Amino acid sequence: MWEKRVLLEATDEVCLEHTSKYSLLVKEVEPKWHDVRFNGTFLHENVYRQSAGPEVDAAWEALGVDYRPIVVPLEEAEKTGLRRDQVRVEDIHGGGFVANVEGLHHLHCLNILRKSLRWNYEYYLTEKKPPFSNSEDIVRIHVTHCLDILRQQLMCVPDIGVLGQVWYKLESMPQPMPFVDFNTEHRCRDFEGVRAWAERHQLPDEREVDLEHFYRMPGPGDTIYSAIP
């Protein structure tokens, strides 16, 4: 049993090296691969698909879509791909580099797209919460940013599984017809482990700190962009 566990851990490590860039979460969150049958039902809407409202918002927020950034320790920065002149926290507040967990940003983007759907848009526009508190032009830029980030992510790791088809027949139909079966099985990483880690490691709310002394200001030679990159 011990040898099997060691073999599985080694396989996980090699697999992660080949399928993702290094991250602090590689060391601190076990992948716990497991099989999941996707809920691909076409007509029966779960809470994530329903019309805008408090219950739907709560379900999405519980996924961590609005978590604050985390901090990557200085000794992990280079291996993680962070540059020395990227944003850091002052040493008095623990130091390290400010960063966001990409998977949660992808879900944040998906949530923004959901809110921007024609049948949800007016609800969130009336609420006037970010990003819908901005001008329509900025909202459009935010939404199209999210759309293209998700496009690139889906093209980066295209799912090569296949979708079979099933037969269905309504009473009004003379004969059965084929329809795609979206309820397929997938090999998934433990999302809850990633979400819980990100929740525990969030930076404090900016309203609770002195921002003037929280972030380390750029020094000589550090890059300061003349526009948002």
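**Close-up views of a predicted model**

**View 1. Tyrosine 67 sits in the loop between helix H3 (54-61) and strand S2 (70-72).** Leaving out residues up to four places away in sequence, tyrosine 67 touches Ala62, Leu104, Arg195, Ala198, Glu199 and Gln202.

**View 2. Alanine 99 belongs to strand S4 (residues 97-99).** Is alanine 99 buried or exposed? Its relative accessibility is 14%, so alanine 99 counts as buried, the cut-off for buried being under 20%. Apart from neighbours within four places in sequence, the residues in contact with alanine 99 are Pro69, Ile70 and Val72. For a sense of scale, look also at histidine 201: 102 residues separate alanine 99 from histidine 201 along the chain, and their C-alpha atoms are 11 Å apart.

**View 3. Helix H5 (residues 102-116) meets helix H6 (residues 118-127).** At what angle do the axes of H5 and H6 cross? The crossing angle is roughly 95°, and the two axes come within 5 Å. Angles of 65 to 115 degrees count as roughly perpendicular, and H5 and H6 are therefore roughly perpendicular to each other. On the H5 side, the contact is made by Arg114, Lys115 and Ser116. On the H6 side, Arg118, Asn120, Tyr121 and Tyr124 take part.

View 4. Two backbone details are worth a look here. A cis peptide bond joins proline 130 and proline 131, with omega at about 0°. Lysine 128, for its part, has a positive phi of about 55°, although it is not a glycine. Why do these details deserve a close-up? Most residues other than glycine have a negative phi, and most peptide bonds are trans. Lysine 128 is also exposed, with a relative accessible area of 57%.

**View 5. Lysine 32 lies in the loop between helix H2 (24-28) and strand S1 (34-37).** What is the phi of lysine 32? Its value is near 45°, which is positive in a residue other than glycine. Is lysine 32 buried or exposed? With 51% relative accessibility, lysine 32 counts as exposed, since the cut-off for exposed is over 50%.

**View 6. Stepping back, the protein chain contains nine helices and eight strands.** How spread out is the chain, and why? Its radius of gyration is 22 Å, well over the 17 Å that the globule rule gives for 229 residues, so the chain is more spread out than a compact globule. Along the principal axes, the C-alpha atoms fill a box of roughly 75 × 60 × 30 Å. Of the 229 residues, 28% are buried. The accessible surface of the chain is about 16,900 Å², and carbon and sulfur atoms make up 58% of it. Among contacts with a separation of 6 or more, 67% are between residues 24 or more positions apart.

Definitions and conventions
Residues are numbered from 1 along each chain as its sequence is written. This is a predicted model: local features need pLDDT of at least 70, side-chain atom pairs count only at pLDDT 80 or more; totals for chains, interfaces and linings use all residues. Side-chain values use heavy atoms; hydrogens and water are left out. Axes are lines fitted to C-alpha atoms, for helices over the stretch in contact, and angles run from 0 to 180 degrees between N-to-C directions. Helices (H or I, at least four residues) and strands (E, at least two) are DSSP runs, numbered from the N terminus. Angles under 35 degrees count as roughly parallel, over 145 as roughly antiparallel, 65 to 115 as roughly perpendicular and the rest as oblique. Contact means heavy atoms within 4.5 Å. The radius of gyration is taken over C-alpha atoms; the globule rule is 2.2 Å times the number of residues to the power 0.38. Buried means under 20% relative accessible area, exposed over 50%, partly exposed in between (1.4 Å probe, protein chains only). Accessible areas come from the Shrake-Rupley method with a 1.4 Å probe; for residues, only the protein chains shown count as cover.
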